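Student: I would like to learn to read a multi-chain model. Where do we begin?

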Amino acid sequence: METNLALLLLLAPFIGFLINVFAGKKLSGNLPGILGTVAVATSFAVTLSFFLQVSSSKEPVMIDLFEWMQLRNFKVNIAFQLDQLSLLWLMFVTGIGTLIHMYSISYMHDDENVHKFFAYLNLFVFFMITLVMGSNLLIMFIGWEGVGLCSYLLIGFWYKNHDYNDAAKKAFIMNRIGDLGFLIGIFILGFIFNSLDYTVIRTAIESGKLLQPSWGISIAALCLFIGACGKSAQIPLYTWLPDAMAGPTPVSALIHAATMVTAGIFMITRLNFLFDLAPEVQNIIAIVGAVTSLIAASIGLIQNDIKKVLAYSTVSQLGLMFLALGLGAYQIAVFHVITHAFFKACLFLGSGSVIHAMHGEQDMRYMGGLRKVMKVTFITFLISTLAISGLPPFSGFFSKDEILMTAFHDNKPLWVIGSVASIMTAFYMFRLLYLTFYKDFRGTEEQKKHLHESPGLITFPLIVLAILALVGGAISLPGNSWLNEYLAPVIAKQSEHHHMGTTEYMLMGVAIIGAFIGIGLAYAKYIKQSSVPGQDSEITGFAKVLYNKFYVDEIYTALIVKPIYALGSFFKNAIEVAISGFIFGLGKLANVLGTEGKTLQNGSIGFYLFAFVLGICSIIVYIFLAK
Amino acid sequence: MLTVFYILSAITLGTAFLTILSKNPIHSAIYLVLCFFSIAGHYLLFNAQFLAIVHIIVYSGAIMILMLFTIMLMNLNKEDEQNKSVLTRFAAVIALGLVAFVLLATFIKAQPVIEGYQVSGQDYQSIKVLGKVLLNEYMVPFEFASVLLLVSMIGAVLLSKKEHINS
Amino acid sequence: MDVSFILITLLIGAAATYFAGNKWASKVALLFSVAAFAVTLCTVNLLNNGENVNSVTRWIKNPMISISLVGDGLSLIMVLLTTSLTAIIILATLKNTFKNAKSFYALILFMAFAMVGTFLSADGFVYYIFWELSLIPIYFIALIWGGGEAEARKKDVIKFFIYTFAGSLFMLVAFIYLYQKTGSFTNGALVRVNLTDKEQFWIFLAFFLAYAIKIPIIPFHTWQANVYQKAPSAGTMLLSGIMLKMAIYSIIRWQLPLAPAPAKEYMHVLIILCVAGVIYGSILALKQQDLKKLLAYSSLAHVGLIAAGAYTLTLDGLRGAVLQMIAHGFVVVGLFYAAEIIIRRYNTTEISEMGGIRIQTPRFTSMFMILVLASVALPATFNFIGEFELLYSLAQTNIWIAVLGGTTIILGAFYMLRMFQQVMLGEQNAKPFADVTFGEGFVFVTIIGILLFFGLYPKPIIDFITPALENTLNLINR
Amino acid sequence: MTTLIAIAGLGIICLIAEIFNLRKAIVPVTIIGLLAILCLNLVNIPGVHVANLNMEQRSFYNNMIIQNNYGTLFSSLFIVLTTFLVALSPDFHKEHKAKLSDFISIKLFLLAGAVAMVSFGNMAMFFLGIEILSISLYVLAASEPKNVSSNEAGMKYFLMGSFASGLILFGIALIYGATGAFDIAAIYEAVSTGAAKGWFFPGVVLLTIGLLFKIAAVPFHFWAPDVYEGSPALTTATMSTLAKVAAMAAFYKLMRGINLEVPGTYVTVLIIVSVLSMFVGNLTALKQNNVKRMLAFSGISHAGFMLMVFLNPPVTAGTLFYYAAAYTLAGIAAFAVVISVCGDKRNEDSFKFNGLGKTNPLMAAVLTSALLSMAGIPIFSGFFAKFFLFNQALKAGQVAIVIIAVVNSIISVGYYFKLILAMYTKESTEEKQAVPFAYTAVAVVAILLNILLGIFPDMVLAYL
Amino acid sequence: MENILQQIGIENYIYLSTLLFCVGVFGVLFRRNAIVMFMSIEIMLNAVNLLLVAFSTYHQDAAGQVFVFFSMAVAAAEVAVGLAILVAIYRNLNNIDIDSLKKLKG
């Protein structure tokens, strides 16, 4: 029964995908969307039942299907594991997934390939479920690459535009760089543990009978972290995420904000027992997370594309999560993942609503004053913005604050960085809010005429998510964390719980003040001074560096892409030519010798006889006289 | 006897050279006949009279007549051979020297020590003996030679037969 | 019933096809290729039931040569690959009209015959004969039915022939040398001979030359791209799908067991050479403007990895190599078929003249996409299994080599997606493009079905080949 | 012995038939006669494996003729080849009907010479055999008196051939001087007892050189391309198949018969000649446009290959025979096609073969098979021939020369395939013409025999 | 029965024959007139004949002399055929200079 249910959970979206792929074209109107939504909702329902079962029984559900791969020292099975961590993830993946599917029914209504959209979206959910449900690293890897694929398909959904296609390709390839790291990590773990099952590895570690020196584990952890970097858009592999905004907005909300990008965090949390053995790697993770958070936030300060701002904000928030992971505070990272999923999904969907109303315009410089026409969108957006800015009692406050608190305890510099990033977050989020919803409309008259609130199918998910963003912090209130207890079985080393002392309250205060500083700055600039960001060419100085994202893409192009192409040209024009030249040279040599042979054959009997005689002489000399 | 041998040898080699060096083919032919006669002299020295006679009949009498006949037929009795290039002559001389040197050196090297040549006193070259050997022991090659001659005959006919298509 | 039935079926098929005349040739060929596949399946079944499927016929007394055909997991899986792909390839060409079709199809079946013979032979000399024999049909297929400018084609095809012929002759010399040592050509006897390391080295080298050219491993690959480009698609499929697998199979079957010492001593050199081919081929693929050439270089990269795996002398490497051979065989046939469809409709191989096809052909696009993804070894495709085992085996020798070899998953994605984008995506192409017909779709679906099924459930194949590979490994480590 | 008599008798019957105006009957009678002689000849094979050349042999007429498997098998091969050549004759000489009997009888006498060359027991028979063969070929080469090329070919062949005959004769004289005998067995006896004088070995070397000329080995090969090109195609076919192989077989028999111990230098010379022949033949063939000329150079290289049998003489008789059979059968098939394509138009440039794959697929297939056989591609007997050769050479430990031979095989593919390419890829420039049945029959039968030999090598190998 | 070799020695005959043979070779190389080349070849054959007779005497064996008969037959046959070819050439080219036969080459 459990097996069947779990398979239903897994396969429901896949069935949705199949139906949409093969029959989607024939389904009329909203039917593909409804089908897709139902499929994911089914998964959600099953997840819910499992969730309730496991949270009460505290016994994970293990499902072993069949043998998949055979390697020298171990076998890999197609097997699934529904424990606390995976169910938690499944809850919000399928939950938010359902909402976003619902949203998309309306949002993608006019697209001619809507059935494909839902097919891909369903496929994504399927792979995400696989990723989360797998009971060993290779199953996770299937999902891992699968979601990458869906991300590729959905970013490039509007395939007529080659910029979008480039973005999709970039996302896939950068993910694959991380995947290579992941694979190498898997290999090393395979050598060390002779298995890729989480439980086996965990048992091996906890029994303390490791044969390999721990640096092997460290390298494996580092490699896995590289994989996580790729998927979760951390330095240095983060540049694909802002570009990925080329996809339809629901995609950005689901894949590039709420679920897929958190796969890295899931993986590290899943293998927390492993990372605990590698403190150096944890340090690296923390530093990378913090730096990413700061850099992404700083770039976000000055972007004008509404989705780009949100994208950098996502990168920045993911950085914070990695900071938490690096500090060993896995529950807190998970907590932030969940709250972030709520408010960031809400923000993206809200921005989608705005873009929908603006007929595809994404530049904030041409928006403004929308709160009057789009009330629901505005309110939900405001709630989420407050949540991300870290104001109590919104969910973001609790999760972010816990991260900063942990950082303060463990590593002060990182706390500073994290706090600065938070202030910046507050600033650019409110900048976004002000530019979009306040003041007067700056778009064309044509656009103004058509401004309207989005239909219910769009606003309903917004409202639900806004509520979740508002109250989501409740799952792990300071001092009384349901989440900590719930996750305790899957986290090997419990981080010591901070008692809420004066330091903690003071830190909270600092955080709140920081958020207000950011909001205040934004208010001063965009409400008081009514300034609107200028044209691209007017930007100068450091702002220009920021506006151009620290030129990272250009640097990557110059350092990696260009050299590869140059190498390709070199191979093509030099080495290939040289090798075939050599081979042909042998043929030419034979031909030249043949021509020489021809000239020797000059037709004169005298010469022939002379050669004959010379031949006789040399043979006789050789045999009889040369001694 | 040695003197006779040397004189004969000198004549043989000399006429052979003259055969080659004379510009007029008729002269060459006549020198060659002389050369053949001197070789017949050698045969006589060996006491091989029958062979000497056959030699003269076949070579001087048949082969050389055939050649002379051809020369006459083609009206070649004039010195119309074009001047050969120096290179050709030089090459020929070099080849002569080389071959002569190499072969002689080889034979000198390969020369077996001849310890007192013994004569058995047996008859081995009278016509009677030769006839017996030729027609008993060498009967098959003797018959086979007829095939050879037949071939050359057919060949000569084939090459010079006038074609008249009759079919 | 033994393995010789497969050969006989194919040979009779070739003759029957030739005499069937141009009109019926393709159908007869298809019939016989399917029959051969069925016979192979029966043989596999017999082997699984523990029956003896070997066939030995005395042939030449001095030197002692017998036609001994041995079916074990390794050889029969390759035969299965060959017969199934032959059927698929013939199916894929059904729509085409060839001048002198009877010869064309007869040559294809004859080539299949030779390749099957290569896989089955356990006698070195017979093996060599089949090996060479397979070269003749492909030469004529590429020459007569090939595309492109005639003079250039001729040059490339003859270069290919001489090149591969040259390599294999040295293999023959090595075989004869071994015969002098043992008085037998049979695999079983040859692997038992005691050779000095120096002898082994030279024998290894002779074999290597033959295989490196056929596979090809850089720097012996220069024939490949041009021939792939110029051969008709069926020829390219035969070449890339099966023929180059002959060489990798031979590495496992002949080269490594016969000369294990140099294989061990120069393992790293060999692996690095192969892995260098992976990177080299990938980077070159990025620069190609010609669709078939691009696929050719991608093939170079993939097979480089397979060869590297085989040279690791680990069970995972050998198994990965076999699995990946099968997977690559199917995927490359599928890709070339897709290329063929595009080329046929647009009458060009230049990528720059393509683009904007997706909008017109949703079905074709999906199938092509899946093949592209399989070729970049997306998990849950068969290619992933192979590539994973290969990379895992590389990691067993040296983790850095695995990293280098692993760049294939990055670079592979790079050039394949780039190609896919340029060929399929973008604004609608001015030239119309009809979506796949039922027949074409059938071919794709078959291939995709195989790739996905075994991607998730490779156990039957793994169980089938593993005993034979363990056997080989024991011989290598004797 | 009966074979020899029967062949000579058949020749004479041909001549007589012409006198009695039975021209139409000549060719059928000859072919039937030859086949009968072939049967007669094959009866002599005892059907057991005979490793040693000197065993199981019968001698006739004071050791003049020796009959053993080696001689019988080679004689059979020659008879088969002559049958093919005779079958090709009537169509080839259709412009010269009056000369047909001459041509055929000369071919028969030539065959008699060739048979004598492989079954001699005495130097006299050997010498007469080689001379009959040579003189017949001089005549055949020059057999188009109106054609300057043919004249030139005949003259060149005659002058150089006579020169070589002189050397052979010189060699025989020296051997006689050293051993006092012309009989092979006696010579062998003298050599093995150490009674031979110092002239023996120079004699052998001179004889060798003369024979190397006959098989057209470098550096005595210069005549071959010119003569092959200038002669009528059918004569070229005779020279490149029958004559070359007969000389090679005689060479081998002679060396095996009289040489007890060959010094290293002698073998080295043969190896060098062999290697040179391969290289010069193959490399020069690459640049040839005339097909006959190309086949001439290819023949030079094959002579080089065949010389490899001297690397391991005691056991290579079978290999030599196999190689010879493979090479000549392929050669006959190839020439049958060449003749059918070029006819007697005296132009054998390779462009004549353009598009043959379309205009005459059967002939194209035969020529392709023949060329593949010569190149040494499996299933054709040429491959097995090379294989056996390499096998023997490696048995003798000569890896280097095998490698060189391999390199040459590779080079040879270049020019063989040039012709194949022309047949299948180029457009025909000639109008399609009907091919006489005889040509097709000969080509097909020859190539089938070749393939048969490839599939069942034991068919002949078992007897040597 | 007396024997010349008791007085002269076989080696002298060998040298003589060799020299005569070389002169023949020289003639073939030196001259371009086909007839004279034929003659040179006859000289070569005669040199060998002389040698055969010398050896025949040396071994006191008739076979050598019998062989000379065959050699003569061969010489005669060769000359007959050679001259026939020569006549054919003369008919075509009106000369018998061997250097005019250079059409076949390359």
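Tutor: Begin with the core. The largest nonpolar core has 774 residues. A nonpolar core is a set of buried Ala, Val, Leu, Ile, Met, Phe, Trp, Tyr and Cys residues joined through C-beta atoms within 7 Å. Buried means that 20 or more other C-beta atoms lie within 10 Å of a residue's own; exposed means 12 or fewer, partly exposed lies in between, and C-beta atoms are placed from the backbone. The residues with the most contacts inside this core are A:A345, C:I108, C:I248, D:A246 and D:A333.

Student: What are the ground rules for this model?

Tutor: This is a predicted model, in which local features need pLDDT of at least 70 and side-chain atom pairs count only at pLDDT 80 or more, while totals for chains, interfaces and linings use all residues. Residues are numbered from 1 along each chain as its sequence is written, and chains are lettered from A and ligands numbered from 1 in the order in which they are written.

Student: Which residues is C:I248 in contact with, leaving aside its neighbours within four places in sequence?

Tutor: Contact means that the C-beta atoms of two residues, placed from the backbone, lie within 7 Å. C:I248 meets C:I215, C:V303, C:I306, C:A307, C:A310, C:A321 and C:M325.

Student: How do I read chain A as a whole?

Tutor: Take secondary structure, burial and extent in turn. Helices (H or I, at least four residues) and strands (E, at least two) are DSSP runs, numbered from the N terminus. Chain A has 25 helices and four strands. Of its 627 residues, 57% count as buried. The C-alpha trace of chain A spans about 115 × 65 × 55 Å along its principal axes. Of the chain A contacts between residues at least 6 apart in sequence, 81% join residues at least 24 apart.

Student: Which domains does the assignment give for chain A?

Tutor: Domain bounds come from an automatic or database domain assignment. For chain A they are domain 1 (1–277), domain 2 (344–547) and domain 3 (555–625). The centres of domain 2 and domain 3 of chain A, taken over C-alpha atoms, are 73 Å apart.

Student: Is A:A246 buried or exposed?

Tutor: A:A246 counts as buried because it has 23 C-beta neighbours inside 10 Å. It sits in the loop between α9 (240–243) and α10 (249–258) of chain A. Beyond its neighbours within four places in sequence, A:A246 contacts A:I155, A:D163, A:Y164 and A:A167. A:A246 and A:K308 are 62 residues apart in sequence, yet 9.6 Å apart in space, C-alpha to C-alpha.

Student: Which two chains share the most contacts?

Tutor: Chains B and E do, out of eight pairs of chains in contact. The contact takes 64 residues from chain E and 69 residues from chain B. On the chain E side, α1 (10–30), α2 (34–59) and α3 (63–93) each give two or more residues. α3(E) gives the most, with 22 residues. By class, that side has 46 nonpolar, 12 polar and six charged residues. Here Ala, Val, Leu, Ile, Met, Phe, Trp, Tyr, Cys and Pro count as nonpolar, Asp, Glu, Lys and Arg as charged, and the others, Gly among them, as polar.

Student: How many residues of chain E are in contact with chain A?

Tutor: 11 residues of chain E touch 10 residues of chain A. The chain E side has six nonpolar, one polar and four charged residues. Chain C and chain E have no contact; their closest C-alpha atoms lie 24 Å apart. Chains B and C do not touch either, with nearest C-alpha atoms 38 Å apart.

Student: How do strands pair in chain C?

Tutor: Two strands pair if DSSP finds at least two bridges between them. In chain C, β1 (residues 55–60) and β2(C) pair in the antiparallel sense over five bridges. They form a hairpin with four residues between them. C:V56 stands opposite C:S68 in β2(C). Strand β2 (residues 65–69) of chain C is mostly covered, with four of its five residues buried.

Student: Why is helix α9 (residues 223–230) of chain D largely enclosed?

Tutor: Eight of its eight residues are buried, so the rest of the structure largely encloses it. Its cover includes α25 (605–625) of chain A, together with α5 (123–141), α6 (148–179), α10 (233–258) and α12 (291–307) of chain D.
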